[in-house]
Amino acid sequence: MEKSYIFEYLDENDFRKRERSVRKYNMLAYKKLTFEYYPKMRSGCFLGEKVAEDKKAKTESYELKLPTDSLFAKVHGEIKVHYTVYLEKKVILLTNITPEGILDEGHRAELSTYKGVMISKSHPEKDMFKINLLNMLNK
């Protein structure tokens, strides 16, 4: 059997906080990540869009988009997992989950929703304005 890749973290605490926030507010994305994407990545099938490659260091960097509600994506941005693969060492370095702001805020405190979309506590008026604007544009 081919040796599988192992996961390491750039900052495990921050990454796990954002991962728990994804689990809390977007269960579908978390299930896909945990039960479908992570096993494929461990087996050597790198998912997502390759954003950088360093032939000298033999690394490849990827951004993996997770399933996200379209309104959430328009207000806060797509949920993406950023990772770097070290091909010789058989290591996948999980670096970040974005959008950081709303995910970190969701970990610290319970977020409220407006018309089915999470709104931040730091700038709720801005988020509600974006949601109302997008709803008006869709009518």
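**Exercise 1. Find which residues Leu94 touches, leaving out residues up to four places away in sequence.**

Step 1. List the partners. Leu94 touches Phe7, Glu8, Tyr9, Leu10 and Phe15, and also Tyr38, Met41, Val81, His82 and Tyr83.
Step 2. Note the source. This is a predicted model: local features need pLDDT of at least 70, side-chain atom pairs count only at pLDDT 80 or more, and totals for chains, interfaces and linings use all residues. Residues are numbered from 1 along each chain as its sequence is written, and side-chain values use heavy atoms, with hydrogens and water left out.

**Exercise 2. Describe the largest nonpolar core.**

Step 1. Define it. A nonpolar core is a set of buried Ala, Val, Leu, Ile, Met, Phe, Trp, Tyr and Cys residues joined through side-chain atoms within 4.5 Å. Buried means under 20% relative accessible area, exposed over 50%, and partly exposed in between (1.4 Å probe, protein chains only).
Step 2. Size it. The largest nonpolar core holds 33 residues.
Step 3. Pick out its centre of contacts. Those with the most contacts inside this core are Met41, Leu64, Leu66, Val81, Tyr83, Ile92 and Leu94.
Step 4. Name the top contributor. Helix 2 (residues 27-42) gives the most to this core, with 6 residues. Helices here are DSSP runs (H or I, at least four residues), strands likewise (E, at least two), both numbered from the N terminus.

**Exercise 3. Classify Lys126: buried or exposed, or in between?**

Step 1. Lys126 sits in helix 5 (residues 124-138).
Step 2. Read the area. Lys126 has a relative accessible area of 46%, so it is partly exposed.
Step 3. Relate Lys126 to Ile92. The two are 34 residues apart in sequence and 37 Å apart in space, C-alpha to C-alpha.

**Exercise 4. Work out what lines the largest pocket.**

Step 1. Define it. On a 1 Å grid over the protein atoms alone, a pocket is an open set of points where a 1.4 Å probe fits, with protein on both sides within 12 Å along at least five of seven lines; lining residues have an atom within 4 Å of a point.
Step 2. Give the volume, the space filled by probe spheres set on the points. The largest pocket has about 150 Å³.
Step 3. List the lining. Of its 13 residues, Tyr25, Asn26, Asp69, Phe72 and Met118 are the closest to the centre.
Step 4. Assign elements. Helix 1 (12-25) and strand 7 (117-119) each give two or more residues. Helix 1 gives the most, with 3.

Technical notes:
Contact means heavy atoms within 4.5 Å.
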